[in-house]
Amino acid sequence: MEILEKAPAKINLSLDVLHKRKDGFHEVEMVMTTVDLADRIELSRLRSGAIRVESENRFVPNDERNLAYRAAKLMKDHYKIDKGVRIFIEKNIPVAAGLAGGSSDAAAVLRGVNKIWGIDASLNELAELGAKIGSDVSFCVYGGTALARGRGEQILELPSPPPCWVVLAKPTLGVSTQTIYQKLDPKTAFHPNTKGMMEALQQGDFDAICAHVGNALEGVTTKLHPEVNQIKEQMRQAGADAVLMSGSGPTVFALVGQEARAQRIYNSLKGFCTEVYMVRMLGSRDIT
Ligand code: ATP
């Protein structure tokens with residue numbers, strides 16, 4: 001038995017960090033949405049109990065460091081499964097980019113082994129388990145658009161933005177999420193208007209969505225990597241309706257209402273960055 005799961009990237013329409021908690025995690029409020037830039041995860045059942053992870057991307061580990069491996073192991077232990085699985089990851093999402101690629105792979109494996117091992121757990125159960133792997137995994141189990149609170153694992157579904165184009169550009173540098181959070185002081189950080197973003201989504205108001213994008217981590221990352229600001233500026237000049245860094249960066253995205261303008265932004269960045277993508281947003285029904 002072999003199945004395919006789509007593991008889409010996420011972008012943060014807004015990301016707020018409220019404070020550092022006693023357990024060391026940060027209390028966050030993030031509005032996230034999935035976009036049609038996705039890894040393809042092939043899963044096939046193994047009769048032996050082994051978990052095998054394969055990928056042709058040299059930045060993706062093929063052992064227990066891989067979040068996809070951890071997802072399969074967690075399901076196997078939690079539901080006491082004696083069968084195994086081969087997981088092939090076709091990596092299309094840039095690694096260490098602020099796009100939750102590893103978390104989305106893990107979420108796709110949770111959904112996939114749930115099917116091939118005949119477990120039949122609900123998405124809610126998978127999302128709850130997924131939080132043990134990483135803070136973004138719960139959101140990635142559902143996809144679509146949602147508010148994520150707590151350390152990112154408390155999910156409230158929201159309407160997806162009206163159809164638009166998303167241009168993503170990643171400068172050739174990787175960013176460690178941990179380092180960015182360590183350098184952040186929530187007291188002096190920028191705080192986006194999360195409520196305003198949620199209302200804009202409820203109303204399906206594209207202009208208001210664009211007006212409310214904001215990321216508390218952007219100031220920290222741009223201080224270390226000024227290239228991020230250069231990309232933002234270039235996207236603005238080429239006609240973006242909104243520009244923002246996603247997650248802890250360094251990927252920057254532009255929201256654009258019209259295809260021709262999105263194409264112009266894409267073309268203007270092609271010579272500047274090696275990794276540039278022009279995609280649509282993706283609803284949760286396209287994934288689960
Ligand atoms: P986030 O937005 O959730 O902070 P990210 O997009 O910045 O995540 P990832 O691409 O998920 O970062 O990868 C971060 C690190 O995790 C990589 O350097 C890699 O070594 C490790 N990793 C583990 N599993 C995976 C996976 N399946 N795909 C990519 N990287 C993985």
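Me: Helices and strands are DSSP runs, helices of at least four residues (H or I) and strands of at least two (E), numbered from the N terminus. With that settled, in which loop does Ala96 lie?

Reply: The model is a predicted one. Ala96 has a positive phi near 50 degrees and is not a glycine. Most residues other than glycine have a negative phi. With 18 other C-beta atoms within 10 Å, Ala96 is partly exposed, and its place is the loop between strand 4 and helix 2.

Me: Why does the ligand lie between domain 1 and domain 2?

Reply: The protein chain is divided into domain 1 (2–158) and domain 2 (165–286). The ligand lies between the two because residues of the shell around it are given by both domain 1 and domain 2.

Me: Which element gives the most to the shell around the ligand?

Reply: There are 21 residues around the ligand, and Ala100, Gly101, Gly102, Asp105 and Gly247 come nearest. The elements with two or more residues in this shell are helix 1 (67–78) and helix 2 (101–116). By class, the shell holds 10 nonpolar, 8 polar and 3 charged residues. With 4 residues, the element that gives the most is helix 2.

Me: Which strand gives the most to the side of domain 1 that touches domain 2?

Reply: The centres of the two domains, taken over C-alpha atoms, are 22 Å apart, and 32 residues of domain 1 are in contact with 38 residues of domain 2. On the domain 1 side, the elements giving two or more residues are strand 1 (2–20), strand 2 (26–46) and strand 5 (145–149). That side has 18 nonpolar, 10 polar and 4 charged residues. With 11 residues, the one that gives the most is strand 1.

Me: At which residues does UniProt place the feature "active site"?

Reply: The annotation comes from an unreviewed UniProt entry. The positions are spread over 127 residues of sequence but cluster in space, with a largest C-alpha distance of 9.3 Å. The record names Lys10 and Asp136.

Me: Is Lys10 buried or exposed?

Reply: Lys10 lies in strand 1. Beyond four places in sequence, its contacts include Met32, Leu99, Ala100, Asp136 and Phe139. The threshold for burial is 20 or more other C-beta atoms within 10 Å. Lys10 has 29 C-beta neighbours inside 10 Å, so it counts as buried.

Me: Where is Asp136 found?

Reply: Asp136 is buried, with 28 other C-beta atoms within 10 Å. Leaving aside neighbours within four places in sequence, Asp136 is in contact with Lys10, Ala100, Ser103 and Gly152. Its place is the loop between helix 3 (123–130) and helix 4 (137–142).

Me: How many residues of strand 10 are buried?

Reply: Both faces of strand 10 are covered: Val252, Ala254 and Val256 are buried on one side, and Phe253 and Leu255 on the other. Strand 10 (residues 252–256) is thus largely enclosed by the rest of the structure, the buried count being 5 of the 5.

Me: Which residue stands opposite Val256 in strand 10?

Reply: Strand 9 (residues 242–245) runs antiparallel to strand 10 with 4 bridges, and there Val243 stands opposite Ala254. Strand 7 (residues 165–170) pairs with strand 10 over 5 bridges, also in the antiparallel sense. Opposite Val256 stands Trp165.

Me: Which peptide bond is cis, with omega near 5 degrees?

Reply: Most peptide bonds are trans. The exception here involves Pro250, which lies in the loop between strand 9 and strand 10. In that hairpin, with 6 residues between the strands, Gly247 takes a positive phi near 55 degrees. The cis bond runs from Gly249 to Pro250.

Me: How far apart in space are Asn57 and Ile89, C-alpha to C-alpha?

Reply: Asn57 is in the loop between strand 3 (51–55) and helix 1, where it is partly exposed, with 16 other C-beta atoms within 10 Å. Leaving aside neighbours within four places in sequence, Asn57 is in contact with Lys91 and Val95. Asn57 and Ile89 are 32 residues apart in sequence, and their C-alpha separation is 8.6 Å.

Terms used
Residues are numbered from 1 along each chain as its sequence is written. This is a predicted model: local features need pLDDT of at least 70, side-chain atom pairs count only at pLDDT 80 or more; totals for chains, interfaces and linings use all residues. A residue is near a molecule or strand if its C-beta atom, placed from the backbone, lies within 6 Å of it. Ala, Val, Leu, Ile, Met, Phe, Trp, Tyr, Cys and Pro count as nonpolar, Asp, Glu, Lys and Arg as charged, and the others, Gly among them, as polar. Domain bounds come from an automatic or database domain assignment. Two residues are in contact if their C-beta atoms, placed from the backbone, lie within 7 Å. UniProt positions are given in the numbering used here, feature names are shortened, and annotations may be inferred rather than shown by experiment. A residue is buried if 20 or more other C-beta atoms lie within 10 Å of its own, exposed if 12 or fewer, and partly exposed in between; C-beta atoms are placed from the backbone. Two strands pair if DSSP finds at least two bridges between them.
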